[in-house]
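Let's take a walk through this one, starting with a pair of helices and then moving on to a couple of residues in strands. Keep the viewer open as you read.

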Amino acid sequence: MKGKNIIVGICGGIAAYKTPQLVRLLKKRGANVKVALTEGGARFVSELSLATVSEEPVYGKIFPPMGTEKMDFTRHISLGEWADALVIAPATANTLARLSAGLCDDMLSALFITLRPDKPVLIFPAMDGQMFLSASVQRNIATLAAQRCTIITPESGELASGLCGVGRMPEPEAILAALEEQLLGTKASSPLSGKKVIITAGPTREKIDGVRFISNYSSGKMGFAIARAAAKRGAMVTLIAGPVHLPSPPGVERLDVESAAEMYAASEAFFKNCDLFIGAAAVSDYRPAEPYNGKMKKDDEQIELTLIKNPDILAGFGMQKSPDQLAIGFALETQSGLGNARNKLAVKNLDLIAFNFFDRKTSGFDVDTNILTLIERDGETTELPLLTKDGAAERLLDAIEQLCLKKAVKP
Ligand code: PMT
């Protein structure tokens, strides 16, 4: 970002309080930053804070105050010419409407129009979930996206209204990463780049007979989100998927399996030469000892099914791994969650375990969101908020990247 000229547009939403941190991060990366603050934005974050961290005057109204500085009525044009990129965070429903309508009644909307067409514009809407999903906001977003704007879908979580839902502005670090990706054409170099990553996802099916099986509600969404995010960071991803109805993430090699035994065999082939193994699959712990050939008859009032234990794929990797390899697991729990998760971390010899609670509404199986608690070997525990599974995958990979870096600096 060194030497890049970035304009940060800030509108009137509660998330505006995070923007001085965004400006600081940009400055630390060597960018030159100027802030365009809307009238509403100025109610949430002070001009003085932003001027201090950006080391520049803050731009608000389109006309300079009379007599206080050189009367320059073309500042919006010179700002538009100066900028290499414009980031609007948070973007309110009101500003989205004004930008899509082409109004230019303050500095942000005016410079938006004067910005050179080849310069990226990243917009981070942040508002109440119902507002975000409303027809008018979605129409304005579509209009702006059809121009050159990149609209980043807000994250899910607790909102200022006290409700939970989509609408939260991503953290400043994530905004910076998105900007770097747009501006520099690539993700900032990730420690996962070039790493061979194996991910298990989805359920397994254990045959009872020719037409029936034991399985669970896993949809594969969590594992697929991790595969997608890891591939975007430059990892070479092999996704070993149980029976799910999901398209393959771009750039990911996918192997479809059905039973735990098949998942074990497919995974084991990579144990020796992968850098990272992530077990996101809900592997059936048991399988029928002797699956019936053909379809079982229902003549008996009661039948007994003998189940035998399946091999534990993740534990198998955890026990064999070399000091250079990382083993990451998940723990799906209904009770005594954190204790059980910590126990699995130790018993399976993992480097990190992501604990998720089974509630069928916001986290665990077959929903689009998850609430993860990341537990590391040294006991460090990070509770993540309610996020989309894509958002949770990004945060999990951020933690894994830190583990990779720690390993790299070890003597
Ligand atoms: O697929 P989704 O609908 O998106 O749901 C996501 C999820 C809830 C399935 C996922 O987030 C998750 O928690 N996956 C692990 C579920 C699980 O089976 O947890 P567990 O506590 O039983 O197993 C612990 C770990 O050992 C897991 O990493 C599991 O993949 C692994 N394991 C378990 C048994 C076994 N035989 N082999 C394994 O590798």
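How are α5 and α8 oriented to each other, oblique or roughly parallel? Bear in mind that we're looking at a predicted model here. Two packed helices are described by the angle between their axes and the distance between those axes. Helix α5 covers residues 93–101 and helix α8 covers residues 135–146; they pack at about 45°, and their axes lie 9 Å apart. Angles under 35 degrees would count as roughly parallel and 65 to 115 as roughly perpendicular, so α5 and α8 are oblique to each other. As for handedness, α5 goes past α8 in a left-handed crossing.

Now zoom in on the contact itself. From α5 come Ala93, Leu96, Ala97, Leu99 and Ser100, and across from them in α8 sit Val137, Asn140, Ile141, Thr143 and Leu144. Sorted by class, that contact has seven nonpolar residues, three polar ones and no charged ones.

Next stop: alanine 89, which belongs to strand β3 (residues 85–91). Its relative accessibility is 0%, so alanine 89 counts as buried. Skipping neighbours within four places in sequence, alanine 89 is in contact with Gly9, Ile10, Thr19, Phe124, Met169 and Ile175. If you hop from alanine 89 to alanine 101, you go twelve residues along the sequence and 19 Å through space, C-alpha to C-alpha.

Last, jump to glutamate 376 in strand β19, which spans residues 372–376. Is glutamate 376 buried or exposed? At 9% relative accessibility it falls under the 20% cut-off, so glutamate 376 counts as buried. Leaving out residues up to four places away in sequence, glutamate 376 touches Leu345, Asp351, Leu352, Leu403 and Lys406.

Definitions and conventions: Residues numbered from 1 in each chain as written. Predicted model: local features only at pLDDT ≥ 70, side-chain atom pairs only at ≥ 80, totals over all residues. Heavy atoms only, no water. Axes fitted to C-alpha atoms, helices over the stretch in contact; angles between N-to-C directions. Helix = DSSP H or I, 4+ residues; strand = E, 2+ residues; numbered from the N terminus. Parallel < 35°, antiparallel > 145°, perpendicular 65-115°, else oblique. Left-handed = near helix turned anticlockwise from the far one by under 90°. Contact = heavy atoms within 4.5 Å. Nonpolar A, V, L, I, M, F, W, Y, C, P; charged D, E, K, R; others polar. Buried < 20%, exposed > 50% of the residue type's maximum accessible area, 1.4 Å probe, protein only.
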